[in-house]
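The overall features come ahead of the individual residues.

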Amino acid sequence: MTSRTIVGVTAPDHRRRRLQTVILRSVSRSFYLSIRFLPEQLRESIALAYLLARSTDSVADTTEISNLVRIETLKMLSDGIQGKASRDVVVDLIASFVPLQANKGERQLLESLPDCLDWLEQIEQADRNDIRVVLEKITRGQMLDLERFENPKEIRALGTAADLDEYTYLVAGCVGEFWTRLCFRHVPNVASLSEDEMLALGKRYGMALQLVNVLRDAGADLRAGRCYFPEYELIAAHLAALQILPEPERFQPIYRTWLEKAKAGLECGMQYSQAIENRRVRCATVLPALIGARTLALLENAGASALHEAVKVPRRQVRGMILSLALTLASRRQINAMFKQLSQ
């Protein structure tokens, strides 16, 4: 078995391959399928950033541990990713979270955190810096979330639309920027638009994808004490956050307004994807927009009942999208046709 040693760190290739295949596949539903389209020079850094983000997400979502401890653990994990804390200290701190993961994949991911941190040290410096920047923003968003929704027994709403925009940017909009920077660094003539134009579209695209998640998970979040919809909008509708679940029809005008905002954001994602010249990168980039469009259509068709039932695009339909993209080499005409069809 071969291995590489860089700046004094040894990480066997088989561990890195396991992270990119077994572990990545176990913690992602569609991302693993999407990332397989990417050229090799992009795949490693994007896969590692995703695994680190899922690690911090697993810590943030471990409800058996108090919010305060989760926040402190996220701070230490962030310091470890930034190279400001010892890897061993971080691993010891995470140890108490491992047995609490109900999902086998997430348990294995946290167990593999030392390999992820070793891998990070081996990534080329420019990519490593970008990974650290995006992870710093993601963990800040996760900590902010824990601070805002500290009591799961009491439904609390975000104050304003700016608060929701801040959240969607920190946990996803910044990912669109990260993806863009890596593409422009590693793929020659990657897009027909400038890097600044793509950064702006990528930011809005990422925020829209997170807004889709907020809309899809609204019922579950409310049952967990989290309302991401602005309190001032609820007040204007003479509605309290605790009334949303028992009176979903009254909440529909607010819900539909945000659903339309998510649609507009996905249109930015389509502009972003259409501007990409490399067909493999275009495939990987457009798939989340197609899944997002279908999710919004299902939510719109479900109406008020979306708050009380799980709405998810079937796996077979996602695989159908991937097959269609592959067979048509992600032609722009086919992508537009798929987006329109899936949006109905």
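This is a predicted model: local features need pLDDT of at least 70, side-chain atom pairs count only at pLDDT 80 or more; totals for chains, interfaces and linings use all residues.

1. The chain exposes about 15,700 Å², of which carbon and sulfur atoms supply 50%; accessible areas come from the Shrake-Rupley method with a 1.4 Å probe, and for residues only the protein chains shown count as cover.

2. Residues are numbered from 1 along each chain as its sequence is written, and side-chain values use heavy atoms, with hydrogens and water left out.

3. The chain has 16 helices and 4 strands, where helices (H or I, at least four residues) and strands (E, at least two) are DSSP runs numbered from the N terminus. Its C-alpha trace spans about 65 × 50 × 35 Å along the principal axes. The radius of gyration is 20 Å, which agrees with the value near 20 Å for a compact globule of 344 residues; the radius is taken over C-alpha atoms, and the globule rule is 2.2 Å times the number of residues to the power 0.38.

4. Of the contacts (heavy atoms within 4.5 Å) between residues at least 6 apart in sequence, 72% join residues at least 24 apart.

5. Gln101 lies in the loop between α5 (87-94) and α6 (104-111), and counts as buried because its relative accessibility is 8%. A polar atom of its side chain lies 2.8 Å from the backbone oxygen of Phe97. Leaving aside residues up to four places away in sequence, Gln101 touches Ser58, Thr62, Glu106, Arg107 and Leu110.

6. His238, in the loop between α12 (231-236) and α13 (248-275), has a positive phi of about 55 degrees although it is not a glycine, and it is exposed, with a relative accessible area of 67%. Ala330, in the loop between α15 (315-327) and α16 (332-342), has a positive phi near 50 degrees, yet this residue is buried, with a relative accessible area of 0%.

Key: Buried means under 20% relative accessible area, exposed over 50%, partly exposed in between (1.4 Å probe, protein chains only). A polar contact is a pair of N or O atoms within 3.5 Å; within protein, one must be able to donate a hydrogen and the other to accept it, and residues adjacent in sequence count only if both atoms are side-chain atoms.
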